Every structure is written in C-alpha cells, then in structure tokens.
Amino acid sequence: MKKIYRISILVYITALLISCNQFQKNNAHRQTPNSSIAAGKKVAATYCAACHQLPDPSLLNAASWEKGVLPQMGPRLGIFFYGNDRYPSYVNDYDIGKRFYPSQPVISMEDWQHIIDYYTATSPDSLLPAKKPQPIQINDTLFRAIQPSLHYSKPSVTYIQVQADKQLLLCDAFYKRILLFDDALQLTDSIKIKSPVTDVIQDTDNLILCNVGVLNPNNGKYGSVMNRSQKTATDDTLFKGLMRPVQLTRADINKDGKNDYIVCEFGNLKGALSWYEGTDTSYLRHVIRDVPGAIKAYIDDYNGDGLPDIWALFAQGNEGVFLFTNKGNGAFDTKQVLNFPPAYGSSYFELDDFNRDGFKDIVYTCGDNADYSTVLKPYHGVYIFLNDGKNNFKQQYFYPINGCYKAIARDFDRDGDLDIATIAFFADFTHQPEEGFVYLKNKGGLAASQGSFNFQPYSLTAAKYGRWLTMDAGDWDGDGKTDLVLGNFSVAPALFKSAIDWSKQPPFLLLKNLQ
C-alpha cells in the first residue's frame, strides 16, 4: 500500500501519452529557460532513474508534479526544504530509522530546481481522458446481482472469498469482524479479529489470517499471521512483526516437508517480499526482496524442476512483475519481467494462458490513485502481456478503466476462451460509474495472425451500489458456472465520491453467472 487502500504496472498508449497534441499545453514552459529544462532532464535521468523507471513528465499534470510527487521525492535526495516550504517526510518516525534519508543532500539545490523545471514546464496542465475502444454497455442478463439480507453502516470489506458448499467469507476492517454467510446469504457466524484481515487461507477447521495491523500508511511492524481455530475460537500467533502484510501464500519452499509461508509485506517506505520457514518449533524469516510494495505473489514451478518459484507484483517506486527462481536451500535468482513507471499505481496481476501455447501470460491492472497525484489517469486499466515462451512479455491488449484495482480471468461463458472481470476502486464515479465493475466478454479469442483479442465490455445496473475494493470468483452454487462476489469498502476521498451513498449499501454483491 503506497497509500491507505492498497490492500498495497510499457503500455500501448505510451506514444499517445507523450504526443504533444494529446495534452493541453502548460504555459509555464514559456517562462522556464530551455537550458534549465534540458539540465533537469539530464539530472533526472541520473537520480530518478537510479531507483525506478524514469517517469516521463507527460504521465502527470504539472500541479501533481509540483505539489504532490516532487515534494515527496525531495527528502529521498536529502532535500527537506524548498524555499519557505518544508517537504513532507518521515524523518522523525521512530519506525523508519535515522539512516533512511540521506544526512546531506545528494544533489545541489540548483540541480533540484532543474528537475522541478523539467517536470513542471514540460508536463500538461491536465490529462485528457482515455478514449475507450468500445463503450461499456449495461447488460443485466449476464450476471444476476444478489444482495445479502444483512446491511450495516459504512461497510469496509478488505477481503472476500467464495468458499465450498455455497459459503461466503468476508473481513470488515472497521468492525474488525470475519462474517460467514450460508447458501441463502444469511449470516451464520461473526468472528472478532484483532486487526483488519487482508488474506485468508482456510484449512478444515482453521483459518490462517493475514492481519495487516494498522491499515493507514505507516512504517511499523504491526502485522501478523494467526491461526484461528473454528472449533475453539482461539488464536495462535504463527509469526508477527510484519510490515503491513497484504497477501499470504503457503508452500514448501525448501522441500523439507514442512509448510512455509510467503508474505507480501507492502509496508510504506519499508517493506519486503519474505518467506517464513516452518521449523519444529517456530518460523524463521527470510527476505527475498527488501523493498516496499509487494502486493501479490503466486507459486508456480515454471521450469519444472520441482522447486516452487515465485512470481510477484510490486507497486511503490520500481513497479513491476518479478520472477524469483528457486535455486534450492532458500536461494532465489531474480528477474524483473515487467517494468512500469511509478505513477501507474500497480494493483493486481494474474498468470493465465490466453493463447493456449502452454506458457503463462500476465493479466495486469493499475489504478491505485490515493497518494500524491489523485487525478484520473488515461493509462489506468487492464492489460494483457503475452509470454514468448522464455518469460519475455509483450503487451497485447489494453482497456482503459479509471482506478482499475483487480482483474480475474476465467471462461465465464464456457465458450473455450478467457473472459475478464474487473473492479475499479478509483473509478470515474461522476461520469462513468459503470467502471466500478466491468466484464470483458471475449467475443473472438485469438486472431491467428496477430494474436489480438476482441473483448466486449459490459457492466451491471447494480455495479454502482458499492465501492468495490475486493473481488473473488468461484462456482458458488455448484451449477458448473463461475460466479463472482464483490466487496464494498465504502469510505472514499472527495475526488472519488459518488451520488450514491455507498455507506448505506450492502457489504457485498453476489453476481450469479447466467451465461
């Protein structure tokens, strides 16, 4: 979570973004010396690109650079004051430590001014919205939206899961409860929890809970993983001291016959992708990548050597998908297979074989929009990257969706190709509320010569009755069709308010597949 909600991705439109005729021109360019702009471009390539992909100024509007992003970056270079303004930082945060920020500026104030000039003078005054290749159509014949009978004020669902035998499980952050629902969507159990839960692994009689600790951005180690016995309603802490963990995966990493856990510790300024080695008495922590922003991981033995490999998505700074190849004895080789600018707000990814060639492709979403540049961004949406068989990925598809937060690819209509269901936590609720849930129905599959895809976007009338933070898929009613469930996190900043009061809407919607 770069921000409060991340429970923490070039693109075929890159040429569109950097084309000057797609933006309103920034008048500051006429007032800034060309020499300073040129110097700023050069300095940025040295210092900004040292930590992440060098962002093009056109990715954000000038005000976001000047008032949001650059003041956050200054302290990373040891610059805490600019004129009469003090830049925001965690320099006095006990949890961050005294050595996180440079003790002295690493660049001169003259060079810092050049960077400011470069980004503010050459960026647009505003970003033009992306043009959707096909408009979203409202169609209530594909899924039937079913509400639970339970309503309560200000639902804040951070995790939702379709379980076996027509059961549903959700976790509510503000109420600190796990709620269980039966096949009639009636509440059957309410379990108190110590902190917001962001992931759950269900065993026969136990729930393994990933507790984020403190939901708001912080640098503390307040998260934990707990084993909740459903028979005795008691908790056993497996391990703690986690930095805002948002996802939990279980596998035998070192092949010793014991369960290990892979944790995405999203953190804030600090975080990690780590694995906890199960021993006879406890768990030992091993860090795979010591940076914040880990948001989603998959276990997949891609090379068939019998050792669990890890694919992981990182937001925060150096955004992208990483492949960690298990070399045995807890050692991993690292390859970044996709790299995105830090403005993208990476939010989710899946491994799916779209062209049926036996190699996993990547479905990716970006849309986190709750930090330093809260403007609608034309590059937010859902992407498909095809695997060439050697884990080199090329973008094949993009559909723009403001604030896109998750995508699930399944053959929902059972015609032999993959469709995609998406949610958008930061949609354009004022003008395009249908973006909150979009179903991309695959109408043609693979074009033999180009490998392109033909998706028709649909939404539902009921999609506007919630601010969907989380989503899960499964055959809820056992009819052989994949259903969906959407979790409502109703709290929203002013920019993303809706005419509908989400705080009075149901905590979730079950979308029964009618196809």
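Is R410 buried, exposed or partly exposed? R410 counts as partly exposed, at 32% relative accessibility, where buried means under 20% relative accessible area, exposed over 50% and partly exposed in between (1.4 Å probe, protein chains only). This is a predicted model, in which local features need pLDDT of at least 70, side-chain atom pairs count only at pLDDT 80 or more, and totals for chains, interfaces and linings use all residues. Residues are numbered from 1 along each chain as its sequence is written, and side-chain values use heavy atoms, with hydrogens and water left out.

**Salt bridges overall**
- The structure holds twelve salt bridges, each defined as a side-chain nitrogen of Lys or Arg within 4 Å of a carboxyl oxygen of Asp or Glu.

**E350 and R410**
- The closest N and O atoms of the salt bridge between E350 and R410 are 3.4 Å apart.
- E350 sits in strand β21 (residues 346-352) and R410 in strand β25 (residues 404-410), so this pair ties together parts 60 residues apart in sequence. Strands (E, at least two residues) are DSSP runs, numbered from the N terminus.
- E350 is buried, with a relative accessible area of 5%.

**K258 and D280**
- K258 pairs with D280 in a salt bridge whose closest N and O atoms are 3.5 Å apart.
- The pair ties together parts 22 residues apart in sequence, because K258 lies in the loop between β13 (245-251) and β14 (260-265) and D280 in the loop between β15 (272-278) and β16 (283-289).
- K258 is partly exposed at 30% relative accessibility, and D280 is exposed at 71%.

Technical notes
Helices (H or I, at least four residues) and strands (E, at least two) are DSSP runs, numbered from the N terminus.
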